[in-house]
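Hi,

Here is the structure I said I would pass on.

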Amino acid sequence: MRHDWRQGLLYLTVMGMEGATLYAVLAVFNRQIAEDRLAVLGLMLLYPLAFAVNKILHWWKLRPLINYPLNILAWSAAVLLAAKAQLLGYIGIFDNTWLSAYLANFWGKAELIIFFSSIALWFTGRRLARISIDFATAVGEFQFTMAILLLTLFTTSQLHTEVPDGIALIIIFAVSSLVAMSLSHAREGRGWLSGLSQGHWVTLLIVSIGLILVLGLLVSAMLTPDFLQVVINALKWAWDKIMMAITYLLSLLPTPEGEPVPLPAPDTAADNATQQAIRELIPESIREPLRIAWLILASGAMLAALWRISTQLADWLRRRLADRSRGEIESLNGAFFADLLDFFKRVLAKLFGGRWFAPRQSAPENIHPARQIYRQFLKWTAKRGFPRPTFQTPYEYLAALRELIPASDAELNFITQQYVNIRYGMAPPSEADLDRLRETWRQVQKENSKITKQA
Amino acid sequence: MEKTLNISGIAAAADRLTDNIGKVIVGKQDTIKLVLVALLCEGHLFIEDVPGIGKTMLAKATSHSLGCSFKRIQFTPDLLPSDVTGIYYFNQKSQEFEYRAGPIMANIVLADEINRATPRTQSCLLESMQERQVTVDVATIALPRPFMVIATQNPVELEGTFPLPEAQLDRFLLKVKLGYPSAADESEILLRFQQDNPLDTLTSVISAAELLELQRVCRQVRVEESVRNYVVALTQATRSHPGVKLGASPRASLGLYQAAQALAAIEGRDYVIPDDVKHLAVPVLAHRVIVKAETGLRGQSAENIVAEITGSVPVPVEGMEKRK
């Protein structure tokens with residue numbers, strides 16, 4: 001796979017998204033548990049370090065039996081150095097008493113945060129090094145990191161605290177996600193950016209980000225306390241009018257004869273006694289984590305429900321489009337909800353038995369990259385007005401496409417041949433052929449980005 | 001590795017046969033390929049075409065190329081079943097009943113103008129075509145292997161003919177038409193047959209034993225589950241089509257399945273693709289389908305209906321799994 005500078009930039013943007021999220025989480029833990037003892041930014045260096053180490057290991061194409069031990073060794077060295085730098089910087093590097101000091105205090109709050117956060121950071125960096133960023137991946141990353149970031153913000157709000165450097169984190173997250181999705185979308189030859197001005201998308205992107213920032217500044221300049229007071233006064237005036245109207249309508253109702261029965265006064269003493277009894281039964285040290293757990297559960301369930309509704313709406317739209325065109329339209333696999341639901345089901349299956357919580361069959365299937373590319377190819381041609389009729393075989397479809405896109409005959413032939421080999425012959429392509437297939441697919445999109453069906 | 005070599009062996013054998021038959025039959029590569037498919041499936045072939053098109057020549061060229069025994073039976077209205085299967089006669093010298101084999105006892109049997117014989121005589125082929133044996137009096141005699149019946153029929157002169165029953169038609173794996181040659185091909189025919197008959201000098205390129213081995217290997221060609229389901233879907237669609245009185249049988253499904261395997265092997269693949277199935281759908285299924293009278297009156301033939309079905313049944317390609 002050719003690693004051009006665009007792929008490198010995509011890695012940076014995903015790092016921005018994940019880094020902002022991880023920083024937020026770590027900063028909250030650092031403040032609440034470790035009493036701000038740790039320099040979170042220094043700890044975050046483990047993330048790019050893990051990425052670099054695993055990228056090198058991945059390029060060397062080492063066998064798993066060598067790759068995994070090397071990885072664990074690198075992580076161990078990194079976590080020890082991080083602990084040394086964060087907590088025991090006053091001891092010389094060649095004085096190995098710092099090592100025994102760290103291990104002796106291993107169960108300390110700051111030490112535990114370093115240990116567990118290093119696992120999360122290393123795992124995230126390793127994962128990033130092993131994937132290729134395309135539009136679907138960028139969207140998936142955005143969805144997942146945004147959810148974690150939102151949960152973190154809700155949690156800090158509940159704890160009456162705030163995320164350190166919250167505004168900077170949100171800006172970094174927003175810019176990174178915007179760049180990631182725009183770049184990956186343009187790279188696949190789709191979207192208005194690629195169609196509008198090939199080769200100038202960077203300028204367009206920077207201009208659009210600048211416009212958004214300027215707009216944000218203008219809005220923040222306008223939203224002064226005086227302006228907000230005017231808005232609140234206007235809302236109060238409108239509310240008064242509404243209440244006057246309601247009161248007038250109620251006055252038109254006939255009044256019952258006799259004295260009106262007064263409503264019973266609230267028994268505040270009994271309420272206070274009940275609340276006091278609850279406080280005595282469940283101490284604050286238990287109520288606080290229960291409150292946090294409930295908050296996380298409720299927020300997560302709310303996000304999952306919202307995501308499920310939007311996914312079903314999108315699926316319905318896709319089905320309608322597919323029915324109309326009688327062609328293949330592939331669904332965008334964000335997979336956030338499926339992953340989340342599958343994760344919860346697996347946890348419950350571990351706790352209560354797999355029979356009741358078996359993951360659904362609709363969990364994301366393991367599709368070979370060659371087949372994924374062909375799916376993307378079908379979606380790409382469908383969007384350009386050449387959907388594959390359901391009764392056409394891949395070779396018949398190829399013959400039809402040859403007339404429409406004669407310039408890419410050899411490339412289309414190669415893509416189709418590789419798909420047929422794996423789909424019907426169960427013969428997956430070699431690594432070299434797979435790389436060639438990816439490159440060919442990229443080339444087809446690039447050379448034919450403006451091709452559309454003539455009316 | 002052994003399987004790959006054998007598949008390439010089939011492709012090589014198919015090329016040799018095609019070239020050899022092509023010395024006699026000019027052009028018609030597609031038809032020759034269908035003949036090879038029938039050979040590799042040990043299926044029977046039904047050739048329906050106008051006179052003088054080369055039907056008999058094709059059958060003879062095929063048998064000469066195989067180095068197998070060949071017998072021709074000219075079906076006439078007075079042909080009896082015993083003329084085909086053979087008889088037991090009393091030998092005066094040995095004072096015993098002896099079996100005299102009929103022309104059915106050959107590797108390749110050409111049943112020329114099969115529709116001219118009576119239904120009784122036509123039905124004597126039923127057992128031999130399906131079970132590769134004949135029953136004469138009380139004895140059941142196995143036919144030689146490989147065994148293939150190539151039947152021809154003239155579609156124009158129908159007076160005094162007896163159309164083949166559905167049960168008999170269903171036993172033919174493929175029905176092919178040669179069609180008129182192009183002008184260039186016809187000119188080539190004149191050149192080739194100018195001095196002598198190329199059929200006389202045709203030699204065999206594959207032995208019977210080799211053919212049996214190739215037939216065995218053909219059965220090992222991989223058919224992915226969705227392709228198998230596609231075969232079934234096509235056959236079942238012939239049963240539910242509104243213009244069809246009687247659709248294709250499970251024998252037809254099996255025939256289409258095995259024919260697709262043979263075609264894939266001829267193309268040098270060890271797996272079947274939907275194109276193989278589509279290519280063979282009309283030759284394998286059309287002659288087994290009986291259309292309704294009103295459908296025929298509208299000018300729609302069984303071939304049209306099967307072609308229409310192949311143009312509507314979804315092919316198993318990426319993303320189809322989600323449609324279930």
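**Salt bridges**

Both Glu224(B) and Arg423(A) are buried, where buried means under 20% relative accessible area, exposed means over 50% and partly exposed is anything in between (1.4 Å probe, protein chains only). The two form a salt bridge, with their closest N and O atoms 3.1 Å apart; the term stands for a side-chain nitrogen of Lys or Arg within 4 Å of a carboxyl oxygen of Asp or Glu. Glu224(B) sits in the loop between helix 8 (208-218) and helix 9 (225-240) of chain B, while Arg423(A) belongs to helix 17 (residues 409-425) of chain A, so this pair joins two chains. Helices here are DSSP runs of H or I with at least four residues, strands are runs of E with at least two, and both are numbered from the N terminus.

Before going on, some housekeeping. This is a predicted model, so to speak of a local feature I need pLDDT of at least 70, side-chain atom pairs count only at pLDDT 80 or more, and totals for chains, interfaces and linings use all residues. Residues are numbered from 1 along each chain as its sequence is written, chains are lettered from A and ligands numbered from 1 in the order in which they are written, and side-chain values use heavy atoms, with hydrogens and water left out.

Back to the charges. Side chains of opposite charge can pair when their charged atoms come close. Over all chains, the structure holds 23 salt bridges. Another one is in chain B, between Asp276(B) and Arg269(B), at 2.8 Å from N to O. Asp276(B) and Arg269(B) are both buried. There is also a network: Arg371(A), Arg375(A), Arg423(A), Glu224(B) and Glu318(B) are joined by salt bridges that share partners.

Is the pair of Asp409(A) and Arg402(A) buried or partly exposed? Asp409(A) is partly exposed at a relative accessible area of 32%, and Arg402(A) is partly exposed too, at 32%. Their salt bridge has its closest N and O atoms 2.5 Å apart.

**The two chains**

Chain A has 18 helices and zero strands. Of its 455 residues, 35% are buried. Chain B has 13 helices and eleven strands, and 52% of its 324 residues are buried.

In chain B, 78% of the contacts between residues at least 6 apart in sequence join residues at least 24 apart.

Two packed helices are described by the angle between their axes and the distance between the axes. Axes are lines fitted to C-alpha atoms, for helices over the stretch in contact, and angles run from 0 to 180 degrees between N-to-C directions.

Helix 2 (residues 29-40) of chain B packs against helix 10 (residues 250-266) of chain B at about 115°, with the axes 9 Å apart. On the helix 2 side of chain B, the contact is made by Lys33(B), Leu36(B), Val37(B) and Leu40(B), and on the helix 10 side by Ala259(B), Ala262(B), Leu263(B) and Ile266(B). By class, these are seven nonpolar, no polar and one charged (Ala, Val, Leu, Ile, Met, Phe, Trp, Tyr, Cys and Pro are nonpolar, Asp, Glu, Lys and Arg are charged, and the others, Gly among them, are polar).

For helix 9 and helix 11 (residues 274-285) of chain B, the angle is about 30° and the axes are 11 Å apart. Helix 9 of chain B contributes residues including Val227(B), Tyr230(B) and Leu234(B), and helix 11 of chain B residues including Pro274(B), Val277(B) and Lys278(B). In total, that contact has eight nonpolar, two polar and one charged residues.

Most residues other than glycine have a negative phi, and most peptide bonds are trans. Where are the exceptions I noted?

- Arg145(B) and Pro146(B) are joined by a cis peptide bond, with omega about 0°. Pro146(B) is in the loop between strand 7 (139-142) and strand 8 (148-153) of chain B.
- Asp36(A) has a positive phi, near 60°. Asp36(A) lies in the loop between helix 1 (5-32) and helix 2 (40-43) of chain A, and is partly exposed at 43%.
- Asp165(A) has a positive phi of about 55°. Asp165(A) is in the loop between helix 7 (135-158) and helix 8 (166-187) of chain A, and at 49% relative accessibility is partly exposed.

Cheers

Note on methods:
Contact = heavy atoms within 4.5 Å.
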